[in-house]
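Thank you all for coming; could we have the sequence and the model up on the screen, please, before I start talking through them?

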Amino acid sequence: MAKRWLLPVLVGIGFVLSFAIPQFNLINPYYQLILIYVGINIILTTSLNLINGYMGEFSVGHAGFMSVGAYIAALLSTRIFPIELIAWLFPVSVLLGGLGAALIGLVVAIPSFKTRGDYLAIVTIAFLMIVKSVIENIEAIGGPRGIPGIYKLTNLPWTFFFTVVAVWVIRNFVYSNFGRGVLSIREDEIASDLMSVNTRTVKLQAFVLSSFFAGVAGALFAHVLQFISPRVFDIVKSTDILIMVYLGGIGSIAGSIVGATVYTVLLEVLRPLQVWRFVLMPLVLVLLMIYRPRGIMGLREFRWFIPSRDLFARQNWQAKRERKEVSDAAPAS
Amino acid sequence: MPLLQAKNVTHYFGGLCAVSDFNLDLEKGELVGIIGPNGAGKTTVFNLITGVYKATEGDIQFDGTRLVGMRPNRITGLGIARTFQNIRLFQELSVLDNVRIANYTQLKYGSFSSFFHVGNFTREEDRTIQEAMDLLAVFKLEDYAEETSKNLPYGLQRRLEIARAMATHPKLLLLDEPAAGMNPNEIGLLMEFIQWIRKQFDLTIILIEHQMRLVMGICERLKVLDFGATIAEGLPVEIQNNPQVLEAYLGEGVEV
């Protein structure tokens, strides 16, 4: 049980730092920007891991959900909300972006009832293409030119806040009745159905939650990039997220955090290599897949992330039983 | 009224008739065996009852509810649980999680509670851990609760599969070749075990099995399938001497 208070304390310190760093310029702005991207990528990776890692499906459409969130939030803050208020209404745009993406996620979840594996992957590719061409063909939202001049509203505190919320909620979901249902679908969907799990409900929840946070990440992304167009959210973006998921390890929150951080930072560190980093990175991935096919943290979790109820289930139960036996054995006074 | 009633159930895979005209009236508390050579359609009968396949023709009623066309999770929710011929545990998950997953319908909280761990989440989760651990203790598996289920030895995996099925609170238990891969000594223990859970949980059981010793030893009534058709039905002693059954199992013109 020791040191379980440490994680909340670290999160608290992180939150204070996220305010202090930009305020007093503790580190240079370029590093601050990298930190923001790390946060956004953690949200993307953790949410995709829910589908690809925990549920064992293969979704390639994450950039599609991201773009829905990015466009909704960008449109709200550039066109709808009054300019004096946009800084205050920023969280609202982000949440609405997430909700919009979640609604689309609901639609994409329905084919997953009947289709799985490779075929579902193709459905998600199709979805990605549909979203891209829909956006390209609506002139009112900029068509292929996209939306320029978005205010830079994504800062370190907001990124930190949304990252913590995303990780916390997804972790909560995974360690719940429905989360266990998601895991059982990965292990054996037919057995899962036959053990009374409502696989449809569980799939809907997983897709909606995953796409919600993809939308949130997209909204944050739009307000740091300050310009979005359909081309930003193509299959290469999806592939980037997939790489972070499989690098960090499937079915692991810790893995998603590690994977997103390592990948984002490594790409920046290797920047001096210029084009060669796109040779080196894939090579690193190939080696990783050979020597650690499940990624850095595949199917393993930091103990801190596991609720103590689950972590100590057997010990608590045994202790309770012993107490009961003792009280049963105690002589009546 | 019978607990489970199958009337003229017929199922085709494409043009192949896997089960034809299957009838069964199962009273509460009975232990019925289904036997037959490989490919006779025994497991298909289980798949039809549990909703994995939808019967092409015929009707299946459980406790007065029509099962044909219902989704498997709902059928299990009504109180029909099963095990599998080739063990189908959730391999990468812990023994405790295997049992807790089967407790799915017993947990009464919604999505919102699961996202934020609020509301009656804590109470329900504590309860399901208690229930699952108690069940594991009944099956003498409590010490393995944290073990990844694929790491258990074969015999314990079989036992865990039954424990997991029991976590769905069934009235009817379908056992698909529970003795597969067991030696005569283990089969003897399994017979006692099946009798014991039947009494302990007040169960009705249908058993598919190849091991004649097991079937003849504990089943009260037998049905024999061959190429999807029911070729004999009755008490174990009657079946043992039925010429049609001998022919299906051993081939034509065999003297026993």
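I will go through the two chains in turn, then the place where they touch, and I will give each cut-off when its term comes up.

This is a predicted model, in which local features need a pLDDT of at least 70 and side-chain atom pairs count only at pLDDT 80 or more, while totals for chains, interfaces and linings use all residues. Residues are numbered from 1 along each chain as its sequence is written, and chains are lettered from A and ligands numbered from 1 in the order in which they are written.

Let me begin with chain A, which has 14 helices and 0 strands, where helices (H or I, at least four residues) and strands (E, at least two) are DSSP runs numbered from the N terminus. Its radius of gyration is 22 Å, close to the 20 Å that the globule rule gives for 333 residues, so chain A is as compact as a globular protein of that length; the radius is taken over C-alpha atoms, and the rule is 2.2 Å times the number of residues to the power 0.38. Along its principal axes the C-alpha trace of chain A spans about 80 × 50 × 45 Å. Of the 333 residues in chain A, 44% are buried, a residue being buried if 20 or more other C-beta atoms lie within 10 Å of its own, exposed if 12 or fewer, and partly exposed in between, with C-beta atoms placed from the backbone. Among contacts in chain A between residues at least 6 apart in sequence, 82% join residues at least 24 apart, and two residues are in contact if their C-beta atoms, placed from the backbone, lie within 7 Å.

Two residues of chain A deserve a moment. A:Ile34 is found in helix α2 (residues 29-54) of chain A, and, leaving aside its neighbours within four places in sequence, A:Ile34 is in contact with A:Thr264, A:Val265 and A:Glu268. The C-alpha atoms of A:Ile34 and A:Val265 are separated by 7.3 Å, although the two residues are 231 apart along the chain. Why does A:Ile34 count as partly exposed? Because A:Ile34 has 16 C-beta neighbours inside 10 Å. A:Val269, in helix α11 (residues 253-269) of chain A, has 11 such neighbours inside 10 Å and therefore counts as exposed.

Turning to chain B, we find 10 helices and 10 strands. The radius of gyration of chain B is 19 Å, close to the 18 Å given by the globule rule for 256 residues, so this chain, too, is as compact as a globular protein of its length. Of those 256 residues, 41% count as buried. The domain assignment of chain B, which comes from an automatic or database source, gives domain 1 (4-79 + 170-250) and domain 2 (90-154), and the C-alpha centres of these two domains lie 29 Å apart.

Please look now at strand β7 (residues 172-176) of chain B, where 5 of 5 residues are buried. In a regular strand the side chains alternate between the two faces of the sheet. Here B:Leu172, B:Leu174 and B:Asp176 point one way, and B:Leu173 and B:Leu175 the other way. β7(B) pairs in the parallel sense with strand β6 (residues 80-82) of chain B over 3 bridges, and with strand β8 (residues 204-208) of chain B over 5 bridges; two strands pair if DSSP finds at least two bridges between them.

Finally, where do the chains meet? In all, 27 residues of chain A are in contact with 34 residues of chain B. On the chain A side, the elements that give two or more residues are α6 (156-174), α7 (177-187), α8 (189-194), α9 (199-225) and α14 (313-329), and the largest share, 7 residues, comes from α7(A).
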